[in-house]
Amino acid sequence: MKRVNFKFLLILMAGLSAAVIGLYVLRQFQVSRHAGSKLELARKRLDEGKVADAMSLYSQYVSLRPNDEKAFAEYSKLLLGRATSPDATRNDVARAFNALEAAVRGNPEDDELRLQLAEFQLRVGRATDAREHLAVLVERLEAPPPADAA
């Protein structure tokens with residue numbers, strides 16, 4: 001009768017677990033490192049006037065770091081620029097609309113972004129949605145400024 005070598009199986013399982021954990025940590029490190037360089041490169045391409053390259057790099061960055069709301073707002077503004085161009089497709093308009101909505105949800109205090117979204121919604125015929133964002137902007141303008149705690 002054959003016996004199972006439990007000591008060998010235990011060592012094998014521990015080694016396999018350590019390898020999987022090590023690979024996971026290495027992948028997270030690489031993703032983090034590459035994401036930062038993609039954002040820097042996207043901003044550089046934007047400064048150079050290469051908007052299509054910048055949009056592609058922003059898209060890659062946002063997919064790697066979905067919680068970076070500032071970068072997502074920058075990306076959504078680029079999409080808005082593409083959607084308002086004369087040769088924009090329905091897909092461009094839909095992508096910009098969804099991205100701007102998400103960016104405003106992520107940056108609720110960014111009044112400039114909210115105004116751009118409201119203007120875009122008016123342009124594409126979504127006046128009721130635009131009215132909600134404009135009401136928020138009016139409410140903020142009518143609110144008294146916060147007292148200085150000096």
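## Exposed or buried: the terms

A residue is called buried when its relative accessible area is under 20%, exposed when that area is over 50%, and partly exposed in between (1.4 Å probe, protein chains only). Take N98: at 51% relative accessibility, N98 counts as exposed. N98 is found in helix α4, residues 90–106. Helices here are DSSP runs (H or I, at least four residues), while strands are runs of E of at least two, and both are numbered from the N terminus.

What you are looking at is a predicted model, where local features need pLDDT of at least 70 and side-chain atom pairs count only at pLDDT 80 or more, though totals for chains, interfaces and linings use all residues. Residues are numbered from 1 along each chain as its sequence is written, and side-chain values use heavy atoms, with hydrogens and water left out.

Let's start with helix α1, which covers residues 6–48. The 43 residues of α1 should span 63 Å at 1.5 Å a residue, and the end C-alpha atoms of α1 are 62 Å apart, which agrees. The expected span is worked out as 1.5 Å times one less than the number of residues in the helix.

Which residues of α1 are buried? They are A35, L39 and A42. These buried residues pack against α2 (51–64) and α3; contact here means heavy atoms within 4.5 Å. Just after α1, G49 takes a positive phi of about 90°.

Now look at V4, F6, F8, L9 and L12, which make a nonpolar surface patch of about 530 Å². Patches are built from residues with over 30% relative accessible area and no salt bridge, joining like charges within 9 Å and nonpolar side chains (Val, Leu, Ile, Met, Phe, Trp, Tyr) within 5 Å. Accessible areas come from the Shrake-Rupley method with a 1.4 Å probe, and for residues only the protein chains shown count as cover. L9, one of the patch residues, has a relative accessible area of 39%, so L9 is partly exposed.

## The loop between α3 and α4

A88 sits in the loop that joins α3 (69–83) to α4. With a relative accessible area of 25%, A88 is partly exposed. Leaving aside neighbours within four places in sequence, A88 is in contact with R82 and A83. The C-alpha atoms of A88 and Q60 are 21 Å apart, and these two residues are separated by 28 residues along the chain. For N98 and P86, twelve residues apart along the chain, the C-alpha separation is 19 Å.

Helix α5 has 13 residues, which should span 18 Å at 1.5 Å a residue; its end C-alpha atoms are 18 Å apart, which agrees. The buried residues of α5 are L113, R114, L117, A118, F120 and Q121. Seen down the axis of α5, these buried residues fall within an arc of 165°, so they line one face of the helix. The arc is that of the directions from the helix axis to the C-beta atoms. Helices α3, α4 and α6 are included in what covers the buried residues of α5.

Helix α6 (residues 127–142) has 16 residues and reaches 22 Å from its first C-alpha to its last, close to the 22 Å expected. In α6, the residues D129, A130, H133 and L137 are buried. Seen down the axis of α6, they fall within an arc of 100°, so they line one face of the helix. The cover over them includes α4 and α5 (111–123). On the face turned away from the buried side, α6 carries the exposed residues T128, R131, E132, E139 and E142.

## Salt bridges

Side chains of opposite charge can pair when their charged atoms come close. A salt bridge is a side-chain nitrogen of Lys or Arg within 4 Å of a carboxyl oxygen of Asp or Glu. How many salt bridges are there by this rule? The count comes to eleven.

One of them joins E112 to K77, with the closest N and O atoms 3.9 Å apart. E112 lies in helix α5 and K77 in helix α3, so the pair ties together parts that are 35 residues apart in sequence. Another joins E109 to R140, again with the closest N and O atoms 3.9 Å apart. This pair links distant parts of the chain, with E109 in the loop between α4 and α5 and R140 in helix α6, 31 residues apart. E109 is exposed at 63%, whereas R140 is partly exposed at 27%.

D129 forms a salt bridge with R126, the closest N and O atoms being 2.6 Å apart. D129 is buried, with a relative accessible area of 17%, while R126 is partly exposed at 37%. Finally, R82, D87, D92 and R95 are linked in a network of salt bridges.
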